[in-house]
Amino acid sequence: MRILGVVAVSLFVALFGRLWYLQALQSEQLQEVATLNIQETIRTQAPRGRVLDVNGNVLVDNRLSTIVTVNPEDLRVALVDQGIRSSDDQAEFRREMFTELARELSGSGQLTKLADLERAFNDPSFRQFEDIPVARDVDEELLIFIGERPNSFPGVRVEQDLVREYPYGARAAHILGYVGSITGAELEAKADRWTLVDPEDPENRLPDPFGKPYRSNDEIGKEGIERFFEDDLRGIPGTQVIEVDNFGNLVEVISSEAPQRGSDIVLTIDIDLQVELEEELKRALDRAREAVPPDPEDPPFTAPAGAAVIMDPRNGSVLAMASYPTFDPGDFIDGLSFDQKAALDDPTAHQPLLNRAVAEIYPAASTFKPFTAIAAEVYNVFGWDFVEEWDVPTSDPGYWDLKSCGLESDDRETALALGCRKRNAGDATMEGVDLEHSIAFSSDTYYYKLGEAFWIAPNDEIPDDGIQQIASQFGLGASTGIQLPGEKSGLMPTAQLKQQRHEDNPEAFPFGDWYSGDNANIAIGQGDVAITPLQLTNAYAALANGGTVFSPNIVSEIRPPERVQLDENGVIVRDEDDEPIMIEFEPIEFAPRVVREIDIPADIEAAILDGLLGVTMLEKTLIDRPGGTAYNAFNEPEEGGVDFDLINWPVAGKTGTAQVGNGTDRADNAMFAGFGPSGTTNWGTAVSEPEYVMVTILEESGFGSKSAAPFVARMFDLIATDEVPKALRQEEIDEFYGVTNIGEIGDPEQGPAEAPVEGADG
Amino acid sequence: MTALRAGTADFDRKEEGPLWIRIDISVILLSIGLLAMGLVVVYSATRGVLREGDVPDRSFLDRQIIFIVVGLVAGGITAAVDYRKARALVPVLYGFSVILLVAVLLFGTERNGARSWFSTGFADFQPSELAKPVMILVLAAWFSTVQSRERLEFVNVMIGLAIAGLLSGLVLLQPDFGTVMVYGAIVAGIVIVAGVSVRHVLIVLGLLVAAVWAMVTGGFLRQTQLNRFTAFADPASASRYNVNQAEIAIGNGGMTGTGLFEGTQNNSSLVPEKETDFIFSVVGEELGFVGGATLLVLFGLLLMRIWRIAHLAENDFGRLIAVGVFSMFLFQAFQSVGMNMGMMPVTGIPLPLISAGGSSMITNLICLGLVQNVHAHRLR
């Protein structure tokens with residue numbers, strides 16, 4: 001029996017020891033945990049900042065959306081109270097409840113399936129105590145329906161949530177971008193917003209007091225301005241730390257911080273011009289598609305995609321930027337539906353999400369020639385050996401046989417077979433070609449000659465990569481630094497780069513040597529020269545303003561919101577009238593960002609400007625030579641152009657017709673780069689400082705002169721005559737259609753309603 | 001066996017006076033202390049969170065008072081009838097228990113995955129609880145019979161184990177592992193005091209290990225029970241939550257406690273089953289080390305008194321009854337308090353005289369009645 005006594009004593013000693021350990025030694029730590037245990041942190045979503053255009057029109061706003069949420073814990077507790085205990089029975093109840101809910105949602109006009117609700121409910125990113133949104137943007141009537149039937153819909157709530165609103169619908173979609181739920185990777189990337197208490201324990205982290213902490217299922221900018229200015233647009237979520245009792249009821253508010261709106265972003269974009277640019281881009285592609293290639297053997301003009309940019313050359317502000325095909329950022333508000341996602345991913349849709357103005361690269365083609373000419377003057381190529389001075393008219397036989405081939409004869413077949421003959425488009429021959437006219441008629445031969453001279457001249461006289469150096473100074477083949485995500489840098493190929501690429505990856509780049517022909521191709525902007533439409537716009541802006549290269553701005557300022565003043569306890573400070581005292585913040589302005597000033601020799605600058613003006617003004621019938629390549633576009637309405645007042649609003653420009661692929665399976669890209677109002681006394685026009693520069697690239701749309709130039713002409717015409725129409729908001733468009741639709745349904749006799757003319761067919 | 005009788009100084013004295021004079025008054029006082037403490041913490045655990053105008057929930061308290069009254073009556077009756085004369089009743093009680101345990105398997109109500117209860121309107125009745133005193137009586141009767149010879153033979157040990165095994169087996173079928181562990185403690189205490197040899201202990205232990213191994217691998221135990229059991233060793237397991245929260249509660253109490261009704265862990269219901277299995281967490285949180293230690297001291301003194309009663313018992317039957325009750329209280333108190341503090345695995349064992357629950361309360365008071373009976377009849 002003594003054994004039992006010994007056992008009993010030792011067990012009691014153990015219990016006392018443990019009790020002492022927990023209540024005396026560990027007590028402090030455990031008391032802390034106990035305090036945290038009864039606290040709950042409630043977060044309230046803060047409105048994102050808005051996005052405005054240069055005139056203060058709101059492009060992205062917030063609106064209230066009615067959502068249906070289900071709280072799994074409330075549902076479970078309610079079911080247990082009703083005596084539904086087993087998980088199978090609970091799932092069965094939930095299925096019936098969701099079926100009823102889906103029926104009600106579908107009845108209110110929002111087609112919803114049981115599976116949709118189940119999928120939303122089972123989203124693993126939510127915790128047991130959180131309200132899970134299962135349906136968004138529902139009819140507000142549902143609030144009454146659910147509210148009247150708490151027993152049929154336990155744990156279900158109808159709440160209001162802030163979502164993005166786009167007053168202009170799908171306009172400027174590529175610039176604005178869109179928002180969506182934060183992904184695991186994005187959450188990880190934002191992890192530096194947390195302070196880790198213990199590096200070994202990543203779960204134990206505190207929100208950075210100066211950051212805007214994220215958690216799963218938060219909204220984050222995915223593309224465009226929404227993404228680039230995420231840190232500014234995002235508001236600071238409000239937090240309320242409360243003590244709760246065992247029913248989850250509020251006992252005491254421990255601390256409370258109100259949500260704070262994010263900053264507004266003001267763009268340099270003019271929405272009226274933007275809408276018109278988008279419309280005209282679409283129309284230009286539609287027209288290009290209708291055109292038939294001159295040779296029926298040639299690939300058709302499929303014109304699937306394109307981009308256009310309008311910039312102010314005086315300060316580098318982007319006024320409008322369009323990319324086609326496009327998308328509707330509103331589709332992302334509730335998450336893409338399966339069909340919407342499939343449509344965006346469809347290869348025949350040509351990547352609607354891609355902002356081709358900054359994120360697609362194209363050959364520069366003939367639009368590159370002015371930069372080759374500047375390089376030739378800077379490095380004294382004019383007058384060297386076989387190259388005439390720039391003001392000496394020469395004869396263009398329609399081809400250039402590369403000197404480095406050392407051909408004895410002028411035999412066409414031999415030269416072609418050896419790859420030594422570089423030809424004009426359509427083998428066109430011209431007389432009296434000096435620099436000015438080489439630009440106006442777009443003589444390739446003139447530039448092949450310059451290109452080869454750069455390569456074969458002794459290096460101590462002329463650098464091999466002189467053309468590339470000058471083009472790079474104009475910002476071609478490098479990122480511009482615009483405030484948009486996903487910008488591509490393009491490529492400015494050189495002998496060293498070609499060799500390097502070959503050595504790094506011989507399979508993809510089988511040739512490492514650089515030949516005269518490569519340099520000749522560079523001179524006309526082909527041969528791997530890859531630029532984005534924005535780069536070309538920016539380079540032409542520098543031509544227009546006399547050599548100032550900007551880093552373009554698409555944002556003019558960030559406007560932080562007024563904020564309530566809080567005292568050290570987090571309580572709002574109020575004045576004697578009990579109104580909160582607001583603190584205003586200075587907006588952050590984006591001044592023009594000059595990258596460099598290029599010293600363009602004055603005589604060559606004037607000759608190039610005259611040549612660019614000749615592109616639009618040189619009438620074929622006046623001289624015994626081809627006219628300016630964009631003459632029709634700016635002068636002949638019956639040829640698809642406009643009747644443009646070039647004397648008072650002169651346009652300097654350059655067409656481009658870029659060969660893509662091997663030049664036989666796909667039609668050429670049509671390009672135009674130009675600026676205005678510009679002019680010289682030589683052309684008898686007004687002389688003024690250019691205010692607009694515009695570039696467009698239309699994929700697989702044929703000749704720049706036929707499809708791209710008329711598009712630019714139409715845009716410049718609207719600008720010059722001050723007839724850019726006011727952009728319509730989506731609600732204005734809907735209002736129009738809403739009225740006509742009722743008429744249609746109500747009175748079938750009336751016939752189909754007419755669509756509004758402007759801005760409604762987007 | 002002579003050693004067992006060493007403390008019986010008043011061996012030859014005759015019984016005199018009424019029963020209430022002959023019983024051990026300190027057992028009564030200690031029990032009242034524990035019962036009072038139990039009522040207070042059960043009320044605290046079940047009254048609900050009160051705000052202005054709310055009426056506290058007294059239903060658990062009221063039922064607990066009724067259970068105690070019923071238990072005291074049952075215990076009083078148990079104490080009054082001389083156990084030596086009632087010895088013949090033991091096989092009848094045993095048979096009755098077996099029938100009840102079979103019946104509960106057939107007609108009982110399932111709760112928390114175990115078919116252990118008969119549902120009645122007022123309170124659920126748990127036959128395996130009432131089988132505890134029967135277990136004590138039947139084992140005490142058997143071993144006091146067979147140990148009258150010089151040494152305990154192995155076959156008799158095995159027969160005793162078989163008697164206990166039948167009850168345990170039926171309870172395992174429910175399955176209620178916690179109660180079987182209490183049975184095991186009763187068996188162990190009685191067998192040890194009855195004088196089983198070390199060799200026999202080893203053989204029995206070997207058989208037991210084999211049986212447990214067979215149960216675990218044979219799928220006899222349900223996964224939830226295995227989980228609860230292994231949670232003790234695996235701090236990451238989900239079942240560990242209860243223990244963690246109980247430990248936090250006890251730590252939160254500190255030296256003097258948060259004060260009655262003021263425990264945040266208690267009020268937030270963070271500790272599951274806080275009015276029954278995890279009642280000690282409420283004691284620890286609201287009454288602190290002072291309260292927890294007081295409870296342990298009360299239990300310790302009560303056990304000392306029962307130990308003394310075993311010592312003074314008039315015969316081996318009575319002694320083994322007291323030993324059985326002693327073992328049961330010791331094990332349940334240690335297991336329940338230890339589980340609350342993370343020292344023992346999570347099993348559904350109530351803290352005697354404290355936890356809410358009718359069957360357990362009545363059983364414990366009957367057991368104390370048995371002990372008083374032995375004490376009251378310690379003289380020839």
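What share of the 380 residues in chain B is buried? Buried residues make up 49% of that chain. The model is predicted, and every value below is computed from it.

Chain B is built from 14 helices and two strands. Among its contacts with a separation of 6 or more, 73% join residues 24 or more positions apart.

Chain B also touches chain A: 37 residues of chain B are in contact with 26 residues of chain A. On the chain B side, the elements that give two or more residues are α7 (177-194), α10 (240-253), α11 (264-267), α12 (279-312) and α13 (316-340). Of these, α12(B) gives the most, with 10 residues. By residue class, the side of chain B that touches chain A divides into 21 nonpolar, 15 polar and one charged.

In soluble globular proteins, nonpolar side chains tend to be buried together. Here the largest nonpolar core holds 148 residues, and the members that touch the most others are Val309(A), Ile310(A), Tyr540(A) and Met694(A). Helix α24 of chain A (residues 704-720) supplies the largest share of this core, nine residues. The core lies between domain 1 (45-182 + 217-267) and domain 2 (274-552 + 593-720) of chain A, because both domains give residues to it.

Ile310(A) shows the local packing. Leaving aside neighbours within four places in sequence, Ile310(A) is in contact with Leu273(A), Leu277(A), Leu319(A), Ala320(A), Tyr692(A), Met694(A) and Met715(A).

Terms used: Residues are numbered from 1 along each chain as its sequence is written. Chains are lettered from A and ligands numbered from 1 in the order in which they are written. This is a predicted model: local features need pLDDT of at least 70, side-chain atom pairs count only at pLDDT 80 or more; totals for chains, interfaces and linings use all residues. A nonpolar core is a set of buried Ala, Val, Leu, Ile, Met, Phe, Trp, Tyr and Cys residues joined through C-beta atoms within 7 Å. A residue is buried if 20 or more other C-beta atoms lie within 10 Å of its own, exposed if 12 or fewer, and partly exposed in between; C-beta atoms are placed from the backbone. Helices (H or I, at least four residues) and strands (E, at least two) are DSSP runs, numbered from the N terminus. Domain bounds come from an automatic or database domain assignment. Two residues are in contact if their C-beta atoms, placed from the backbone, lie within 7 Å. Ala, Val, Leu, Ile, Met, Phe, Trp, Tyr, Cys and Pro count as nonpolar, Asp, Glu, Lys and Arg as charged, and the others, Gly among them, as polar.
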